[in-house]
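I opened my notebook for a friendly walk through one protein model. Here is what I looked up, entry by entry.

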Amino acid sequence: MSAMAGECKDANAYLVAVRDFVVSQDLADTVREFDPGAMIVTARTCRETLNAIKTCDRLALAFVEAGPDRILRARLDVTIRERHGRLVLLGDDAEDEWETGGAPGRIWPVLMRPFSSQAVTALLIAGRRA
């Protein structure tokens, strides 16, 4: 489900910015099971991600396939934080940074592969507590 400008005002909005359709759908399905009333905004590219975020006044959580360096360059962390959202990284670059112990890789949680619906749900619960 994609959102239009202003549609995310009252709903619990979640961003799933992942290139692979199957992974994106898996994450979206897990979010729907966790929060049946959720508005799920999807994107596949960095530009789509920025535009998708801007459609929401508030975000609960954003799953973004990118490494920390890309997040910082695009200022996605700032845009997500401005909407009171929490960021979770996934994908090759995020995992590589996490495994090497680089400082930027420790700023945000990383959803490591292979991930389960339980791992995603744990991040959703942690996001609610923050």
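**Entry 1: a pocket and its lining**

I sorted the residues that line the second largest pocket and got five nonpolar, one polar and three charged. For this sorting, Ala, Val, Leu, Ile, Met, Phe, Trp, Tyr, Cys and Pro count as nonpolar, Asp, Glu, Lys and Arg as charged, and the others, Gly among them, as polar. A note on origins: this is a predicted model, where local features need pLDDT of at least 70 and side-chain atom pairs count only at pLDDT 80 or more, while totals for chains, interfaces and linings use all residues. Residues are numbered from 1 along each chain as its sequence is written, and side-chain values use heavy atoms, with hydrogens and water left out.

Which residues line the second largest pocket? I listed Asp77, Ile80, Arg81, Gly85, Arg86, Leu87, Ile107, Trp108 and Pro109. H4 and strand E4 (86–90) are the elements that give two or more residues to this lining. H4 supplies the largest share, three residues. I noted a volume of about 150 Å³ for the second largest pocket.

My reminders on terms: helices (H or I, at least four residues) and strands (E, at least two) are DSSP runs, numbered from the N terminus. A pocket is found on a 1 Å grid over the protein atoms alone, as an open set of points where a 1.4 Å probe fits, with protein on both sides within 12 Å along at least five of seven lines; lining residues have an atom within 4 Å of a point. Its volume is the space filled by probe spheres set on the points, which are joined across faces, edges and corners.

**Entry 2: strand E4 and its partners**

Next I followed E4, where four of the five residues are buried (under 20% relative accessible area; exposed is over 50%, partly exposed in between, with a 1.4 Å probe and protein chains only). E4 pairs with strand E3 (residues 61–65) in the parallel sense over five bridges; pairing needs at least two bridges found by DSSP. On the other partner, strand E5 (residues 110–111), I found two bridges to E4, again parallel. Which residues stand opposite leucine 89? I found valine 64, and valine 110 in E5.

Is threonine 79 buried or exposed? Threonine 79 counts as buried because its relative accessibility is 12%. I placed threonine 79 in helix H4 (residues 76–82). Not counting residues up to four places away in sequence, threonine 79 touches Leu50 and Ile53 (contact means heavy atoms within 4.5 Å).

Alanine 74 sits in helix H3 (residues 68–74). With a relative accessible area of 23%, alanine 74 is partly exposed. Beyond its neighbours within four places in sequence, alanine 74 is in contact with Cys46 and Leu50. I also checked alanine 74 against arginine 47: they are 27 residues apart in sequence and 9.3 Å apart in space, C-alpha to C-alpha.

**Entry 3: backbone notes from the loops**

Arginine 75 lies in the loop between H3 and H4. Its phi is near 60 degrees, a positive value in a residue other than glycine. Arginine 75 is partly exposed, at 49% relative accessible area.

Histidine 84, in the loop between H4 and E4, has a positive phi of about 65 degrees although it is not a glycine. Histidine 84 counts as exposed because its relative accessibility is 51%.

My last stop was proline 114, in the loop between E5 and helix H6 (117–129). The peptide bond from arginine 113 to proline 114 is cis, with omega near -10 degrees.
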